[in-house]
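Let's take a walk through this structure together. Have a look at the sequence and the model first, and then we'll go through it piece by piece.

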Amino acid sequence: MAIISIASAKGGCGKTTVAILLGAELALDGYKVALLDCDLNQHASAFGVKAKLPGLTVIGDVTETNVLSELKKAEAAQDVVLIDLPGGSSTLALKALQRSHFVLVPAQASLLDARDATKTVAQIDDAQELARAPIARAVMWTRFQPGFESKSARHVRESLEGQGLPILKSVLMERAAFREMHITGQVPRQADPSGGPAANITAVATEVLDRLRQLAEAA
Amino acid sequence: MSKPPLPSIDSDLMATPRQRVDLKGLRPREPMTDAAVEANSRAIGEKWGASTQLPRAEMAPPLAPVTSIRGYIPQYLDDELTIKAAERRVTKTFLIMEALAKAGYRVDETDLVQDRRRGKQRGN
């Protein structure tokens, strides 16, 4: 059983999109997945109402008060628990981080996102130290523009990569399909299995699973 | 002189299903009491200026009114409870309430107090 938090101190960097896409991808692969929606906006929960994905259970209204008990319940019943955390620094997020095997830190290639990604990684370090257990993590580039990378985006990306932080090789592209899924309740692999957006999230999920496999082998 | 033919890419073009990862190999997180997780979160949160809904220590939510029950249990069970309680530094009442909560009885998290004699250290 794996617990993966999707965290960043920055709002709007793609946490919920990553949580839904990754949760759906793993569910379509046959894993039993729970997605704990800790965001006040409850967008993942709204998706969960529309979605027809038997392996994916979206649990809404997860707050600071009930996050640990909801996590325990989900742990007992699922293969993977994803925690979609709210933006900003919160003790809710810090609780979730301490109980996670792996933390994905989505970031767009902007200075604001990169700054907050490093802050989140520092908080993971603190959580790891106090929890006395390793917490694997990786920054993940999101909303990557296909075909063109601006000078500032490249500068930010190369600067963050130069910091030596673990960063996923796969990036989440900017795709209309990732917005449409909120309307249709269907992720790209359901709506257009052979399309680019489906291939994109498959690549991301493959890399995340590979990280989990490495963690399991090292355990 | 002509260039040699490129090697076959047939094997690269064969779609293979993603191997299922055995997640059972991942060890569960180290056991920590909710109170310890909360204390850590409070400490890190203070450092980073995190927003919080954690009650201040002096403003912990009130416990539900309590009542006393009396009954008889086998000696061996009492012995086991005594040992477990000492090992975990909790009370026998806590162990019983914890077991009841796991069995589906309503026990609010705020009322799951490890040891009422040591103040309001809650949760497991």
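Where in chain A is the place of Asp61(A)? Asp61(A) is in the loop between β3 and α3 of chain A; helices (H or I, at least four residues) and strands (E, at least two) are DSSP runs, numbered from the N terminus. The C-alpha atoms of Asp61(A) and Gln42(A) are 7.3 Å from each other, although the two residues are 19 apart along the chain.

A word on what you're looking at: this is a predicted model, in which local features need pLDDT of at least 70 and side-chain atom pairs count only at pLDDT 80 or more, while totals for chains, interfaces and linings use all residues. Residues are numbered from 1 along each chain as its sequence is written, and chains are lettered from A and ligands numbered from 1 in the order in which they are written.

Now follow chain A on into helix α3 (residues 67-77), where Val67(A), Leu68(A), Glu70(A), Leu71(A) and Ala74(A) are buried. Looking down the axis of α3(A), you'd find these buried residues within an arc of 160 degrees, so they line one face of the helix; the arc is that of the directions from the helix axis to the C-beta atoms. Ala76(A) and Ala77(A), on the other side of α3(A), are exposed. What do the buried residues of α3(A) pack against? Their partners are β2 (33-37), β3 (56-59), β4 (80-84) and α4 (91-98) of chain A, together with α2 (34-48) of chain B.

Strand β4(A) is worth a stop of its own. Five of its five residues are buried: Val80(A), Leu82(A) and Asp84(A) on one side, Val81(A) and Ile83(A) on the other. Strand β1 (residues 2-6) of chain A runs parallel to β4(A), joined by five bridges, and strands pair if DSSP finds at least two bridges between them. In this pairing Ala2(A) stands opposite Val80(A). Five bridges also join β2(A) to β4(A), again in parallel, and here Ala34(A) has Val81(A) as its bridge partner.

Leu82(A) turns up again in the largest nonpolar core, being one of the residues with the most contacts inside it, along with Leu35(A) and Leu36(A). That core has 79 residues; a nonpolar core is a set of buried Ala, Val, Leu, Ile, Met, Phe, Trp, Tyr and Cys residues joined through C-beta atoms within 7 Å.

Over to chain B, which has four helices and zero strands. Of its 124 residues, 15% count as buried. Chain B meets chain A through 28 residues, in contact with 34 of chain A, where contact means C-beta atoms, placed from the backbone, within 7 Å.

How far can you trust chain B? Its pLDDT, the predictor's confidence in each residue from 0 to 100, averages 80. Over residues 119-124 of chain B, pLDDT stays under 50. Where pLDDT is low, the predicted coordinates should not be read in detail. The model as a whole scores ipTM 0.83 and pTM 0.76.

Definitions and conventions: Two residues are in contact if their C-beta atoms, placed from the backbone, lie within 7 Å. A residue is buried if 20 or more other C-beta atoms lie within 10 Å of its own, exposed if 12 or fewer, and partly exposed in between; C-beta atoms are placed from the backbone.
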